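Please work through the following exercises with the sequence and the coordinates at hand. Each task is followed by a worked solution.

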Amino acid sequence: MVSSPGIGHLSPALFLGQRLVTGHNVRVTILIVNTTNTSETQSQLISTYTADTNISVIEIPAADISSIVAPDAKVVTRLCVMMRETIPTIRTAISSMDPRPDVLMGDIFANESWAIAEELKIPKYVFVTGNAWFTGLFAYSPVLDKKVVGQYVDLSELVEIPGCKPVRPEELTDPMLDRDDEAYRVYLDQAVGMTLTDGILINTWEHLEPQTLDALRNNEILRSLINDKPVYSVGPINKKYEPVSSKNEVIEWLDKQPERSVIYVSFGSGGTIPAEQMKELAWGLEMSQQRFVWVVRPPSGQSSDGAFLKPGPDSRGPNDSGPPDYFPEGFLTRTQKVGFVVPSWAPQVEILSHTSVAGFLTHCGWNSTLESITSGVPMIAWPLYAEQFMNATMLVEDLKVAVRPEVMPTKKVVEREEIERMVRSLVEGEEGKTMTNNVRRLKASAEEAMSMNGSSYISTCRFIQDCWSRVNLAKKQ
Ligand SMILES: O=c1ccn([C@@H]2O[C@H](COP(=O)(O)OP(=O)(O)O[C@H]3O[C@H](CO)[C@@H](O)[C@H](O)[C@H]3O)[C@@H](O)[C@H]2O)c(=O)[nH]1
């Protein structure tokens with residue numbers, strides 16, 4: 001398996017690898033492309049999840065792209081160029097593996113490695129770490145590219161994608177929002193690359209997205225776009241809660257809170273919000289008078305130079321999150337009894353699995369979404385970038401397990417009164433109770449899908465059978 005950088009891609013790749021090793025008797029080696037920014041968290045994740053399984057890890061240093069990509073280029077452009085430039089190192093690593101791999105799998109940014117599979121005459125599969133809806137849009141984006149004139153965001157009607165809910169133009173994935181930017185072309189190349197594989201694995205399950213999975217398999221246009229390749233729904237592939245003997249400070253704090261009383265606030269592995277929005281969020285949480293755990297990062301536009309972790313005058317010891325100007329004056333002191341601020345990174349799965357947690361204010365990254373669903377926790381959807389706006393729409397309008405602000409958080413500041421209202425409705429309102437029941441039903445359906453003879457288990461078995469048929473066929477040729 002080839003994983004592009006970033007916890008959001010690496011973590012599901014590791015969990016899928018783990019599942020293939022432990023549940024399906026497959027040997028797995030993961031090639032992880034590491035940038036110079038690779039965090040300590042990522043290194044810990046790698047060592048934890050490779051220690052007790054037979055997954056081997058080969059860490060590949062990412063190519064230096066500073067001389068070929070402008071420093072202000074979009075993340076997608078940087079990521080794709082970096083993966084492309086790292087291919088020679090990936091090729092060398094794969095060629096020197098003994099025994100030689102039988103199958104190559106990669107995420108949607110690992111497309112450049114399909115050429116290696118072709119050279120080695122082995123099958124190649126893509127693992128989409130997002131959902132089927134995203135996969136549908138991704139596959140369909142070359143059609144939209146031909147069909148639509150001008151910028152998508154100027155369209156006055158919704159964007160129709162077979163098998164998916166119509167998407168508001170401004171909610172398309174962010175590389176699609178500016179067709180004049182290089183990121184858009186790079187993104188389209190990745191979309192085409194996904195369709196050149198022998199099959200598509202998606203981190204979803206049949207019950208969650210039946211229409212979209214059906215369209216990917218049976219809709220004429222989508223089928224022809226993905227060249228009639230099989231689609232396997234193998235999820236939810238995500239970290240499971242495992243009790244640990246040594247407790248973290250935030251878990252100890254949660255242990256002392258009443259059941260279903262705390263809102264957990266976090267914007268994924270790297271999301272940040274502007275300073276003005278941080279203040280408004282702090283006011284909203286305080287005004288709601290509900291308990292909260294907030295994973296705080298420096299506001300967007302400010303550097304994360306470590307000053308963030310140093311106690312400021314508004315300090316409350318190890319739980320202090322840094323310079324007080326991130327918060328309204330006195331916020332930490334006033335919320336001392338009801339809030340717990342965690343700087344930068346928290347044990348998310350352990351938090352979401354805690355009985356004190358009533359809701360999750362999330363940026364709707366797909367891993368966070370799956371972790372919330374599989375913990376039975378309803379959400380406040382606060383999308384920031386990538387495909388997160390579509391995920392938010394799915395959670396609110398389709399699955400009915402989340403509320404979201406009226407305004408788009410990337411366009412306008414979400415005001416404190418609205419935040420207060422959403423938090424209250426999730427923790428104490430009827431809406432919160434209904435959403436909790438809905439999400440608990442999804443949790444049960446996820447467990448069922450992953451159980452022996454559940455849809456995702458069967459789909460994974462089918463994938464393995466198809467793999468070996470292709471491997472045997474390739475060996476005969
Ligand atoms: O304090 C924290 C913050 C995050 N996490 C973990 O980090 C992961 C974050 O993943 P995700 O929620 O998917 O967010 P991103 O890292 O932003 O994910 C990227 O990749 C996802 C999968 O492709 C996409 O859905 C997102 O839009 C894209 O931003 C999750 O497993 C979290 O549990 C923690 O453990 N502690």
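The model is predicted, so local features need pLDDT of at least 70 and side-chain atom pairs count only at pLDDT 80 or more, while totals for chains, interfaces and linings use all residues. Residues are numbered from 1 along each chain as its sequence is written, and side-chain values use heavy atoms, with hydrogens and water left out.

**Exercise 1.** Determine where Gln 290 is found and which residues Gln 290 touches.

*Solution.* Step 1: Gln 290 is found in the loop between helix 10 (275–288) and strand 9 (291–296); helices (H or I, at least four residues) and strands (E, at least two) are DSSP runs, numbered from the N terminus.
Step 1: Gln 290 counts as buried because its relative accessibility is 10%; buried means under 20% relative accessible area, exposed over 50%, and partly exposed in between (1.4 Å probe, protein chains only).
Step 2: Leaving aside residues up to four places away in sequence, Gln 290 touches Leu 285, Val 338, Val 423, Arg 424, Val 427 and Glu 428, where contact means heavy atoms within 4.5 Å.

**Exercise 2.** Classify the aromatic pair of Phe 267 and Trp 382, then the pair of Phe 292 and Phe 331.

*Solution.* Step 1: Rings of Phe, Tyr and Trp (its six-membered ring) pair if their centres lie within 6.5 Å; planes under 30 degrees apart count as stacked, over 60 as edge-to-face and the rest as tilted. This rule gives 13 aromatic pairs.
Step 1: Phe 267 and Trp 382 are edge-to-face, with 6.0 Å from centre to centre and 65° between the planes. The two residues of this pair are 115 residues apart, and the pair links distant parts of the chain. Phe 267 is buried at 4% relative accessibility, and Trp 382 is buried at 1%.
Step 2: The ring centres of Phe 292 and Phe 331 are 5.9 Å apart and their planes lie at 20°, so this pair is stacked. Phe 292 belongs to strand 9 and Phe 331 to helix 11 (residues 331–334), 39 residues apart.
Step 3: Phe 292, Trp 294, Phe 327 and Phe 331 form one aromatic cluster.

**Exercise 3.** Identify which helix gives the most to the lining of the second largest pocket.

*Solution.* Step 1: On a 1 Å grid over the protein atoms alone, a pocket is an open set of points where a 1.4 Å probe fits, with protein on both sides within 12 Å along at least five of seven lines; lining residues have an atom within 4 Å of a point.
Step 1: The second largest pocket is lined by 23 residues, and Val 26, Arg 27, Val 28, Thr 29 and Pro 101 lie nearest its centre.
Step 2: Strand 2 (29–34), strand 4 (104–106) and helix 17 (455–476) each supply at least two lining residues. Helix 17 gives the most, with four residues.
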